[in-house]
Each structure stands twice: as C-alpha cells, then as structure tokens.
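Reader: I'm new to reading protein structures. Could we go through this one together, step by step?

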Amino acid sequence: MTRWFMILFAVLAFLSVSAPVPKAFAEEEPKAPPVLKPKKAGVESRLENVKRLLEVSSGADRVKASGNADAIAKREEAIAAMVLAEESFKSKDYKESNEFLGQATTLMFEAVRMVGTGNVSKEKKLDDYNRRAASVNILLEALERISTEKKSGREVETQKDAIEAKVALSKTLLEEEKIEEARRELDEAYELVKVSIEELRGGDTLIRSLEFATKEEEYDYEIDRNDTHRMLIDVLLKEKRKTESIDNMVSKFVTQSESLRKEAEAQAAKGDYETAIATLDRSTKELVRAIRSAGVYIPG
Amino acid sequence: MSMKMRALRIMLMIMLATLYGLSGVGDLARAEAEDSTPQIQRAAKVNTFNRLLKPPSERNLPPAEDGIHDPTSEGTYLLQSPREAFDSLPKSNSGNRVDWVKALEEKYIEPRFDRFDPEKKPMVFDLNIVREVKGSMPDVVYPHKQHTEWLDCSNCHPAIFIPQKGANQISMASILMGEMCGVCHGKVAFPVSECRKCHSQNKTAEAKN
C-alpha cells in the first residue's frame, strides 16, 4: 500500500506544478477595445447572404415589382457595390470586400425603404401605447406600496401626483386621437416612476422566503422540483446519453427515481403528505445523481 | 480490474477533478464507484426549445440557417453571422459561448439603449431579490443591476413579472418551458445548465437545519 501512496504523491506533485494558474492570480493586462478583422470565411458567407438580399429576398422582389425608378436605380447601385466586393474578394482584399458589402447592404435597404410602407400602422402605435401604459400602471402601484412600506414623506407624494397628472393628460390626448402626443406624456410618466422607485428601492435586498401553508402545498412544490429535475435530464444529457455507458448509469438512477415517485404519489393519495414529501425528496436526489453521473455537476 | 487498481483509478479521477475544476470527472468517478450494474432505458423526447443547449455543430448558425430568422426577409441578411460577430468577445463555457455581462462591463459592446436617441443611457437599478429554495440547493439571487444595464423595466414588467411580493409563481419547470426567466435564459441569455449563476447564495448553517 505504501508504494501506491508514494506513486499517488508523485502524481499529485506533478499535477500541482503543471496545473493552470488560476485567473485571479494571473497578471491581467488592460484590454484594448476589439478591432474586427474580416476573415475570409466570414466575408465569403456575407457575400452569399448579401447576394441573396439583392436577388431573392422579399425586399428585392418588392423593389423589382414596384416600378419605382429611384428604388430600382438604388438597387442597381447596390449590385454595382456587390460586384466590387466580389472583385476585392477574388484579389484577397477581405477588408475592402467587407466594406463594399456594407455599402451594398445600405444601398439595398434604402431601395427597400423607398417601396415599403415605411409608416408604423395606427394599430402598432396603439398596441405599443397600451403596453407602455400597462408598465406605467404596474410601476405606479409598486411605487405606492414601496412608499407606504418605507413611510416616505411628502416628496414622493408630490412625485406620484406629477406622474398621475401626466397619465391623465396622456389618456385625454389618446381620446382625442393625438397618439404621438399621448405617447410622449406617457413616456415622461414612465421615466418619472422609474426614477422614483429607484430612489426608494436602490441598494435594497429583498428576501422572498419559502413558506408553505399546508403539507399538501409543500408536496406540490416537491412534485414541481421532481418534474424539473426530470426535465433537466432531457435537456442537459441529450448528447451525453449517446455514450452507452453513461446512458446506462443515468437510466439506473432514473428508474430508481421513478419508482420512488410512484411510491410518493401513492402516499399522497392516502393523505400522508409528510411521508410523500420525504419520498419525493429521495426521488429527486436520484435524479441529481443521474445528472452528476453523466459528468454535469448541479448543486443540490 | 483488481480492487486496488479500481480504488487507485477512482482516487486519481477525483484528484484530477479537484485540481482542474472538472467536477464532472469527479462525479463520473463517484458514479463508477457506486454503479457497476447498469440498466438500459432510452431517453425521453428531448426539449428543443432551449436553443442555447445545442451541440457544437448546431451552435451560432448564420441567421438565415438558424431556424429562428425568416430566410426570405431582407433584414435577415443584414445581420452579421454570430460566429463572426462573437469571435472577439469574452468567452463563456455555455450557451452561445459569450460572456455578455463581461462584454458589457468591459465595453466590448455598447448597446444603444434607445433606438431614436443615441445619447440616452439606461437607468441602472441596484436591487437584489433573493428567493429561498428548498434543500441544500443555494438560494437564487436575482440582481436587477446586471439586467437593467441592458434592459428596460418595461421589458419584463408586467408582461413577464408582476413587481409585487408573492405575485409570481416561479418554478424551474416553467423556466425550462420557456416561461418567466426562461423567456430569455436558454434563448438569448445563458441557459439553465449554469445553475450556479442564479443559485448563487449559499444557505446559512441555521437555514440548512
């Protein structure tokens, strides 16, 4: 046995020396902002994509069918830039090719805009307005709760009044079908409510405790926890289970877990939730073992 | 394999795992120690909605091939291929292999906060919400700070989360189904395989008991 431990010690010493230096101890040089150097493969892929943009995209179809001379001319300019991009690529000047591709894309988008509707529909504006209004309302309610909780003074009340006044004005403007003005007022209310909440809550840590009113409620929580771990096996181990030995190990733990889950369900059906919770916990632990056995560490 | 050799192999695997942080190797070794009578059971149908949990060959495909963007739309071709775009960004070990928080902090990227106003800055909100969970699993810390450096309150409130205590029934199952946190995590933000990024607050000894 002593010989084995000597070998182990030697291996350990070797590995300690050759182990990578942890990042925290490595000297880190300040990084300059990255400069993108176009690579051949990247430019080649972009050439293909821009070609499709110019020839087969729905925008290209719209421009071609529009009869709009300006848009068609703009697309021709884009095609000319594309030709230059192809020439640069052939002469291995990928940077220049990339620049021409950028020009071609910009020109083509100008052409598409010339024939597109270009206007945001009234329904879209109204939909956006309603979404923003929902955010303002829910944040205003939150502000009121926080204000009560923190016993904030008159200053917050004044802020709330100002926000509510803006919301009211916004509604009036909307009724008058002045949707842009209505949105502006609403956005101002939104900014104010965000700032007010940040002033009150900034720097806080809120704890959401885990409390169960009944054992049945706790059982439902454990069922969800068990389901979650079962789903994790599918999500995390798809590739790993292609290796038969890993699949075998995972299957063994999963089978044990399923058996325990059935046991727990039978206990719960008889109203013995306390025992069912303990059994479910064991079932979930088997699933954790299954995941870990495939080489994926999950806490718990 | 003799008992001595088997014990030595397992110990070596655990040592390697400890030295190099390869927890999976350690688990494999422990599992091997526990299990020598395997049974076969086929995997159930795998969830496909967690698109950041793809094998390497399917990761970060060009927009027109990713099954998400419309290949007939001109806008799709304006988008840079992610493999090219992500090349110079800080790396991570999961999802689309980019550490987005680091990329933002170190100014590799400076996302425009308002599409009409290039000067507008986000209102960063420093509020942590700790959600206790059962068992020895560390509690979840939701930091508003990292989220509001890029997102706006209205991105989540109220459509995804009601900003009120007890109003949101969050479960890992719902997240895995692409709801709640799963609206972003697993799709465009780091996936659920990164347990420790959210379950980041260890329980106190008192709470464990």
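Reader: In which handedness of crossing does helix 6 of chain A pass helix 7 of chain A?

Author: Keep in mind that this is a predicted model. Helix 6 covers residues 122-149 of chain A and helix 7 covers residues 154-175. Look at how helix 6 of chain A passes helix 7 of chain A: the crossing is left-handed.

Reader: Are helix 6 and helix 7 of chain A roughly parallel or roughly antiparallel to each other?

Author: The two helices pack with their axes 11 Å apart, at an angle of about 160°. Angles over 145 degrees count as roughly antiparallel. Helix 6 and helix 7 of chain A are therefore roughly antiparallel.

Reader: How many nonpolar residues does the contact of helix 6 with helix 7 of chain A have?

Author: From helix 6 of chain A, the residues making the contact include A:Leu126, A:Val136 and A:Leu140. From helix 7 of chain A, they include A:Ile163, A:Val167 and A:Leu174. By class, the contact also has two polar and five charged residues, and its nonpolar residues number nine.

Reader: Is A:Lys151 buried or exposed?

Author: You'll find A:Lys151 in the loop between helix 6 and helix 7 of chain A. Its phi is near 50°, a positive value in a residue other than glycine. Exposed means over 50% relative accessible area, and at 73% relative accessibility, A:Lys151 counts as exposed.

Reader: Where is B:Asn60, which also has a positive phi?

Author: Phi of B:Asn60 is near 50°, and this residue isn't glycine. To find B:Asn60 in chain B, go to the loop between helix 2 (23-34) and helix 3 (74-78).

Reader: Which residue does a cis peptide bond join to B:His157?

Author: Check omega for this bond: the value is about 5°.

Methods
Residues numbered from 1 in each chain as written. Chains lettered and ligands numbered in written order. Predicted model: local features only at pLDDT ≥ 70, side-chain atom pairs only at ≥ 80, totals over all residues. Heavy atoms only, no water. Axes fitted to C-alpha atoms, helices over the stretch in contact; angles between N-to-C directions. Helix = DSSP H or I, 4+ residues; strand = E, 2+ residues; numbered from the N terminus. Parallel < 35°, antiparallel > 145°, perpendicular 65-115°, else oblique. Left-handed = near helix turned anticlockwise from the far one by under 90°. Contact = heavy atoms within 4.5 Å. Nonpolar A, V, L, I, M, F, W, Y, C, P; charged D, E, K, R; others polar. Buried < 20%, exposed > 50% of the residue type's maximum accessible area, 1.4 Å probe, protein only.
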